[in-house]
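Hello,

Here is the structure I promised to pass on. Please have it open while you read; my notes follow below.

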Amino acid sequence: MKYATNTLEYYWMPFTANRDFKAHPRLFVRGEGVFYWDHHGNQVIDGSSGLFCVAAGHGRKEIAEAVYNQLIELDYGPPFQGGHPPQFELARRVAQLTPEGIDRVFFGNSGSEAVDTAIKIALAYHRARGEGTRMRFVSRERAYHGVNIGGTSLAGLVKNREAFGVGMAGVAHMRHTWLPQNRFTKGQPEHGVELADDLERIVMTYGPDTVAACFVEPIAGSTGVLVPPKGYLERIREICDAYGILLVYDEVICGFGRLGTPFGAQAFNVKPDIMTMAKALTNGNQPMGAVAVNDHVYDTIMDAAPDGAIEFFHGYTYSGHPAACAAGIATIDIYEKEQLFDRAAELAPYFLEQMFSLSDVPAVTDIRGYGLMAGFDVVPEGGPGKRGYQVQKDLFAAGLHVKMTGDSGIVAPPLIAEKSHVDQICDILRKVLSKY
Ligand SMILES: Cc1ncc(COP(=O)(O)O)c(C=O)c1O
């Protein structure tokens, strides 16, 4: 597709230093496999699967064809009091991947919508069982749960909150799980299980019958890959069970093979009640998010409504859009046919070894990782995030795309990557990070 773009002026770019970008643009114009090409024709290896979406690699014709065929067959169908086959089929395919019993799937258009939907499901569930007093939520410092008002309120990143008022009332934050004594730990750290007890402290401060749900990312992704300490998720689960609190995993990054299993729930063998997902659900080829809930939550909300009545007054014009569902089905077909989750598990030890070999670079102050996802921190300079932004620009100029959050980088290549791609990513990282 050719566009006669000769101005960058009109588009307000999200989470972007607009003025700096427009003075020195970095445009992605083509993608294939694990590579992008920029507007100068330079090849850029994709070290972050776009934004952790493109797990099956770029330019997957099977997905493009499925979307095209779906749009020709049925372009749009009203999702309220109406349905179409791809919605039901994608929900079935997702339910096959989620842990047993977490089988009911609600669709939206993004991870942010999935999170806000999960908040509403939790509130509706408690109300349906006669515990409408449960309106509080618990999340964590350094959490990222998208940018809608619910997700912003759950967020634990100051820059994502400070300009936006007080948000949703009644959210308390546990401490994050980054500890200095865990620096340079591959896999789950030894220290920090006791941080899970923050949940119990919060419950005791506000009253057990006021807390609806606890949200955690199995691995806090956007904030730089904070792998849960050993025993941490188990303890969170125990506390939730003890006080009747729903456990919600935000699997928007961890889902669909990133950790070598379908979801983080299986990687850490601790089951939530509700899971949010997006991104790699459609290989990033169509906007889509989803919430999967266990049968008990679903049945409770269904059974509380009168016969023939709408049970849950929530949904989006584009919930389960036919094109997004077609993309999701074609994506899961690829994951299964190419056994990409197993492939990620096989490549993970090599990937982590190569990433951790950067530990000797003086500017690198920590590396963390699990599966095909690793985070690194660089020594800040000139204020939080300044050096990180410079790193991102320098990496891009050297032919590598990596998502930076503040002074942390998140490396998560497509699951189709070969060892040679891992080498290429780590070579560029070493070359660029050694300059600081
Ligand atoms: C854990 C988590 N939740 C929610 C979101 C929000 O997803 P989206 O940007 O699709 O709204 C993200 C995005 O990175 C995420 O990492």
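Which residue of E7 does Val138 stand opposite? Val138 faces Cys214.

First, the ground rules. This is a predicted model: local features need pLDDT of at least 70, side-chain atom pairs count only at pLDDT 80 or more, and totals for chains, interfaces and linings use all residues. Numbering starts from 1 along each chain as its sequence is written.

The sheet

Seven strands make an open, mixed sheet, in the order E4-E10-E9-E8-E7-E5-E6. Strands here are DSSP runs (E, at least two residues), as are helices (H or I, at least four), numbered from the N terminus. Two strands pair if DSSP finds at least two bridges between them. Strand E4 (104–108) and strand E6 (171–174) are the edges, each pairing on one side only. Neighbouring strands are turned by 20° on average, direction ignored. Axes are lines fitted to C-alpha atoms, for helices over the stretch in contact; angles run from 0 to 180 degrees between N-to-C directions.

E4 and strand E10 (residues 289–293) run antiparallel, joined by 5 bridges. Phe107 has Ala290 in E10 as its bridge partner. E5 and E7 are parallel, with 3 bridges. E7 and strand E8 (residues 246–250) are also parallel, with 4 bridges. There, Ala213 partners Leu246 of E8.

E7 is mostly covered: 6 of its 6 residues are buried. Buried means 20 or more other C-beta atoms within 10 Å of the residue's own, with C-beta atoms placed from the backbone; 12 or fewer is exposed, and in between is partly exposed.

The ligand

The shell around the ligand holds 15 residues, of which Ser110, Gly111, Ser112, Gly146 and Val252 come nearest. Near means a C-beta atom, placed from the backbone, within 6 Å. Helix H5 (residues 111–128) gives the largest share, 3 residues. By class, the shell has 5 nonpolar, 8 polar and 2 charged residues. Nonpolar covers Ala, Val, Leu, Ile, Met, Phe, Trp, Tyr, Cys and Pro; charged covers Asp, Glu, Lys and Arg; the others, Gly among them, are polar.

The domains

Domain 1 is 18–56 + 339–433, and domain 2 is 65–337. These bounds come from an automatic or database domain assignment. Their centres, taken over C-alpha atoms, are 26 Å apart. In domain 1, 30 residues are in contact with 29 of domain 2. Contact means C-beta atoms, placed from the backbone, within 7 Å. H13 supplies the largest share of the domain 1 side, 7 residues. That side has 20 nonpolar, 7 polar and 3 charged residues.

Best wishes

Conventions. Contact = placed C-beta atoms within 7 Å.
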